Amino acid sequence: MIKFNNLCQFQCYIWMLTIGFTPLASLAATSEATLLVTAAKPTAEAPLPGYAAKQAEVATKTRSSLVAVPQFVSVVNRQQMDVQSATTVSQALRYNAGISVERYGAFSSGVDFAKMRGFEADYYLDGLRVIGNSGIWGPQIEAWGLQSVEVLHGPSSTLYGQGGTGGIISMVSRRPSATQSNQVKLDIGNHNTRSLSLDSTGTLTDDEQWLYRFDGLAVTRGSQIEDTKQQRLYLAPSVTWQPNDRTHWTLLTHYLREPKSGYYDTLPAQVLGLLPNPRGKIDTDKNYSDPSHEKSTRTQYDITSLFEYQLNDRWQLKQNMRYAHVNSAVRRDFTRAVTADESQLTAVYQDSPSTSDSLSLDNQAITQFSTGPISHQLLGGLDYQTGKLDKDLTVSQTVTFDPWSSDYRPSFDPVPASYTSTTQRFNRVGLYSQDELQWNGWHLLLGGRHDWSQMRTNNNLTHTRTESNDTAWSYRAGLSYPFDNGLAPWISTSTAFDPLTGTDASGAPFKPTKSTQYETGVKFQPPGSNMMTTLALYQLTQRDVNTIDPLNPSYYTQTGEVRSRGVELESRAALTDNLNLMMSWAWVNNVVTSATDDTRGRHPIAVPAQTGSVWLDYRFKQGPLQGLLIGTGARYLGASWGDGENTYKVPSVWLGDVSIRYTPGAWDARLYNMELGLTINNVTNKSYVASCTSAPYCSIGIERTVIGSLSWYF
């Protein structure tokens, strides 16, 4: 057992392991090759005009050219989030291809979920996984504190470890900058929305060795559902120390407190018009719970260290580390189902506090060199995650109430009827390596990884424990050829794995679920243009999926398989200095190819077969309308299945959005630092169902939202 006297010794040991993992054969070849080494510089804050990105880190953990990466990657920058007034990460991703967000609509404003290519996506912040209890008990990253959102489509365990079947949504925090910048923003909108936000950055010392940034937000908002409220305080101070050209260290802190964390519920398909009901639809804007029972809260905070050091002319070392804490309590009435005679609804009261504490560490060593005519960018890494998840659940007696009557809310004093309490502890270690090779215009990406995962689950009531210990190999390979005209065809394959908890009927633990993807496509980025177009075709298969054991229906067995085939198209272009265009379209055929129950041959729930969007905005730079930006967009959410047996569908819907921005400095120079804004989402106020997970549990979509804003830059 190795012991460390201090953190420095631990960091040095980890870096030594990382360097040692790098393939020795490649390093030995450098003795007769010319080294071409460049140090990675901190990313510049200044974005290109428009919404098209040319580089991202999510696909390779290095600053790589997007046109050369042999996998589908898309980026949402800060400019797009500001123009569209995206207040959540889900809203920021509305115009990306193939990402199913806001599946829980108006019933989940305080959490972000996404499916990509038919499978769940994982969320990362500043290169490290966002960890917490699952579902509505998890953390939410405040969009005001983000500089960009990078999305990697498809499996990605080679770099990120377990999970990642659908893809990676990597959020990048705003970082300290040497360029002084300040913004104060006031938002007022419908549903009693009011918010005040601040962003400030600059230097702390004249020699620019110390930089700072501070982001803050205070918001209170309701929703289309009566008697609901979300209150949030967000504080995010950060500091950067760069004493020389070799060292760059940033400390990021995020604090989020919600005395009221919003409204969570579902409604049965029978009362939403998706299945027959003799009494018809109910009014979805009413609150079918006792407001005195709504006492959901959340507090979360973290501290992140991002350290980069140029060890010598050959090696660069990087370490990302985060401690995170989440304390959430979901207390609410929860609608369960329609009664047998379809005349009433049933409901229970739930009280479910949870906490999570986690530590994440990712160490990387990067070098660039050449072996003859082939240039390499070699990455070796070792990451580690550990944490503790506590979750309790108290459920009351079941009551009935009549949602069609004038007294449409359940009225009762909760009496505990059931109670659960679990504690989970996990440890995950991953060792990975990646080589980006270039030869005569060809780009070859190779990567491999081995993971060790341990999960212990304690039942605090029965004092029993289950444990799973899993190991897995992951790989990725891709080849692309960017032509001089900007066309870049590619092919690739990648894998993912996800450990499962529990056992089968014989008591044997489940194997990790494994996924394999084959992808081909073409990218187009004309030289000198602010444009990126990507077209991809893929097949993604997930194996060893849990399915009901036909001999023991109370247990699961691992005979399931889900296959997803699809096409994704996304284009972002600055057509002129004034005109921006975004377009996306995705088609997916997601089907259960193996199962022991009635889901075989069926399509998984909440996966629209088609989605699409288009956005266009124009900024007037001269004439009487100088300083005015007008943007408008349309989103298509295709139909999806509402249950695993595919007995009914959630209908498709078109939604429209409008954004107007105006800088009045053209007619009064004293107002050049001011910007007025108006954003309207779902302009026509369509009422729709976002998705269903089964007949009793459906979520309504978000109706019209209107936000007016006033920003002052100084």
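**Exercise 1. Surroundings of Asn-681**

Leaving aside its neighbours within four places in sequence, which residues is Asn-681 in contact with, and in which strand does Asn-681 lie?

*Solution.* Take the contacts, where contact means heavy atoms within 4.5 Å. Asn-681 is in contact with Arg-94, Gly-656, Asp-657, Glu-703, Arg-704 and Thr-705, its neighbours within four places in sequence being left aside. The model is a predicted one, in which local features need pLDDT of at least 70 and side-chain atom pairs count only at pLDDT 80 or more, while totals for chains, interfaces and linings use all residues. Residues are numbered from 1 along each chain as its sequence is written, and side-chain values use heavy atoms, with hydrogens and water left out.

Next comes the strand. Strands are DSSP runs of E with at least two residues, helices are runs of H or I with at least four, and both are numbered from the N terminus. Asn-681 belongs to strand β33, residues 674–681.

Then comes burial. Buried means under 20% relative accessible area, exposed means over 50%, and partly exposed lies in between (1.4 Å probe, protein chains only). Asn-681 has a relative accessible area of 10%, so Asn-681 is buried.

**Exercise 2. Salt bridges**

How many salt bridges are there, and are Glu-102 and Arg-94 buried or exposed?

*Solution.* A salt bridge is counted where a side-chain nitrogen of Lys or Arg is within 4 Å of a carboxyl oxygen of Asp or Glu. By this rule there are 27 salt bridges.

Work through individual pairs:

- Arg-94 and Glu-102 form a salt bridge, with the closest N and O atoms 2.9 Å apart; both residues are buried. Arg-94 is also one of the contacts of Asn-681.
- Lys-185 pairs with Asp-187 at 2.8 Å, N to O, and both Lys-185 and Asp-187 are buried.
- Arg-465 and Glu-467 form a salt bridge with 3.6 Å between the closest N and O atoms. Arg-465 is exposed because its relative accessible area is 53%, whereas Glu-467, at 36%, counts as partly exposed.

Some bridges join into a network: Glu-142, Arg-232, Glu-258 and Arg-298 are linked in this way.

**Exercise 3. Ser-480 and Asp-544**

Locate Ser-480 and Asp-544 in their strands, then list what each one touches.

*Solution.* Ser-480 lies in strand β22, residues 464–480. Its relative accessibility is 1%, so Ser-480 counts as buried. Not counting residues up to four places away in sequence, Ser-480 touches Ala-68, Pro-70, Gly-441, Trp-442, His-443, Pro-489 and Trp-490. Ser-480 and Leu-159 are 321 residues apart in sequence, and 19 Å separates their C-alpha atoms.

Asp-544 lies in strand β25, residues 531–548. With residues up to four places away in sequence not counted, Asp-544 touches Leu-500, Lys-511, Pro-512, Thr-513, Gln-558 and Gly-560. Asn-312 is 232 residues from Asp-544 along the chain, and their C-alpha atoms are 46 Å apart.

**Exercise 4. The whole chain**

Why is the protein described as being as compact as a globular protein of its length?

*Solution.* The secondary structure comes to five helices and 36 strands. The radius of gyration is 26 Å, close to the 27 Å that the globule rule gives for 714 residues, so the protein is as compact as a globular protein of that length. The radius is taken over C-alpha atoms, and the rule is 2.2 Å times the number of residues to the power 0.38.

Along the principal axes, the C-alpha atoms fill a box of roughly 80 × 75 × 50 Å. Of the 714 residues, 54% count as buried. Among contacts between residues at least 6 apart in sequence, 67% join residues at least 24 apart.
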